[in-house]
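I set down here what I looked up in this structure. The entries follow the order of my reading.

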Amino acid sequence: MAELRFHWGSSLDSGQKKSTQKYRSDLLDLDGAIEFAQDADALGVESLLMAQSYTLPDPLPIIGALARETERVKFILAYRPGLLSPTLFTQIVNTVSWISDRRIALNIVAGTSPVEQGYYGDFLAHDERYAREGEFLDVLHRLWGDGQPVSFTGDHYRIVDAQLGLGHKGGGRPEIYISGNSAVAQQTAIRYGDCWFRYGDTPEEIAKAAAPLVAAGTDVGLRLQVLARETREEALTELAEIMSETDENHRAYVKAFVEAGDSEAVKNSMRLAEQAGHGWMSPVLYSGAVAYRGGPALCLVGSYEEVAAYLMEYKAAGVGQFIFSGWPARDEMRNFFRNVLPVVRAYEKEHDGSLAGTR
């Protein structure tokens, strides 16, 4: 079996220590972002996820800046169809592929909140956003194929004889990740994507959800937090510190945001946390920070060996990739790639992807 692939969520506030407090969204420390990316580059992080939200700076110009300051690390651009025409978006991605020497991938997201979508002038309902996403990806695939000029007529886009002088560097197209927990998200990933990305759950539940994707030959990835230390006791002590001094106003804001949203992924992650009493879903999987940070905050907690073994359980369940985050982001990224990843690789080498003897 192929080795597990590990990415990291790029942090523009990489010094934040508490998972229960609101991120600073009113500033951009570009020098800090460059240092973070260079650190990821040196550690061997495969890719940095560049998220898109009204609370964050736009990721596209930041990728352009970071690409010029790094050599190997790739950038996964999160993007919501509907903000740019598919032709213009393809042109932008092609340009970034040349700036970055092909170090660009796409995470296509339909959107989680009708309220936030409305900030950008988008008022489509959940399923219609996915229908538009399918048309968007259809045009992108054609523009990256051999058939320029491209014409397309759908319910959401009409393109006439589209053609681009600058193609994707080296030909082909970027890797495409499709996010979402819904059935329509799965089908979109199977038809147009290389990998279906979703928020976490126990390996047993992930195996059930991943089965149709694995059968269709589409990779499966998880978005999780991680907190690993040399011993479990150290990890639990650190977790207690991270979860202290909670910002209950921010928790109330997250709760209202989820209730107003229409994302099955976001609502499901909150539901799982509530069912677990905002505590442990398994001996390694902790849900307490989800109420403050949302679905990505479902966290793997334990010793280096415990976390590595649990990752092997996910691998056996059909998962091939992970996008991690941590608190603080930069320290946890270093800790994972220096201390957990070597254990994962040793398990993979010894057991060839099986679980025998890893626990």
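Is Tyr 286 buried or exposed, by its relative accessibility? I find Tyr 286 buried at 11% relative accessibility, where buried means under 20% relative accessible area, exposed over 50% and partly exposed in between, with a 1.4 Å probe and protein chains only.

I note that this is a predicted model, in which local features need pLDDT of at least 70, side-chain atom pairs count only at pLDDT 80 or more, and totals for chains, interfaces and linings use all residues. Residues are numbered from 1 along each chain as its sequence is written, and side-chain values use heavy atoms, with hydrogens and water left out.

**Aromatic pairs**

I counted rings of Phe, Tyr and Trp (its six-membered ring) as a pair if their centres lie within 6.5 Å, with planes under 30 degrees apart stacked, over 60 edge-to-face and the rest tilted. The count by this rule is 18 aromatic pairs. Phe 89 and Phe 136 make a tilted pair, 5.4 Å centre to centre with 50 degrees between the planes. This pair links distant parts of the chain, 47 residues apart, with Phe 89 in helix H3 (residues 86-99) and Phe 136 in helix H5; helices (H or I, at least four residues) and strands (E, at least two) are DSSP runs, numbered from the N terminus. Phe 89 is buried at 0% relative accessible area, and Phe 136 is buried at 0% as well.

I also looked up Trp 280 and Tyr 286, a tilted pair with 5.1 Å between centres and 55 degrees between planes. Trp 280 is partly exposed, at 36%. The charged end of Arg 232 sits over the ring of Trp 280, 5.3 Å from its centre; the criterion is NZ of Lys or CZ of Arg within 6 Å of the ring centre and within 35 degrees of the ring normal.

**Backbone**

I recorded a cis peptide bond between Trp 327 and Pro 328, with omega about -20 degrees. Pro 328 lies in the loop between strand E12 (321-325) and helix H13 (329-351).

Asp 161 has a positive phi of about 50 degrees and belongs to strand E6 (residues 158-162); Asp 161 is partly exposed at 45%. His 278 has a positive phi of about 55 degrees and lies in the loop between helix H10 (264-275) and strand E10 (285-286). His 278 is partly exposed, at 24%. I looked these up because most residues other than glycine have a negative phi, and most peptide bonds are trans.
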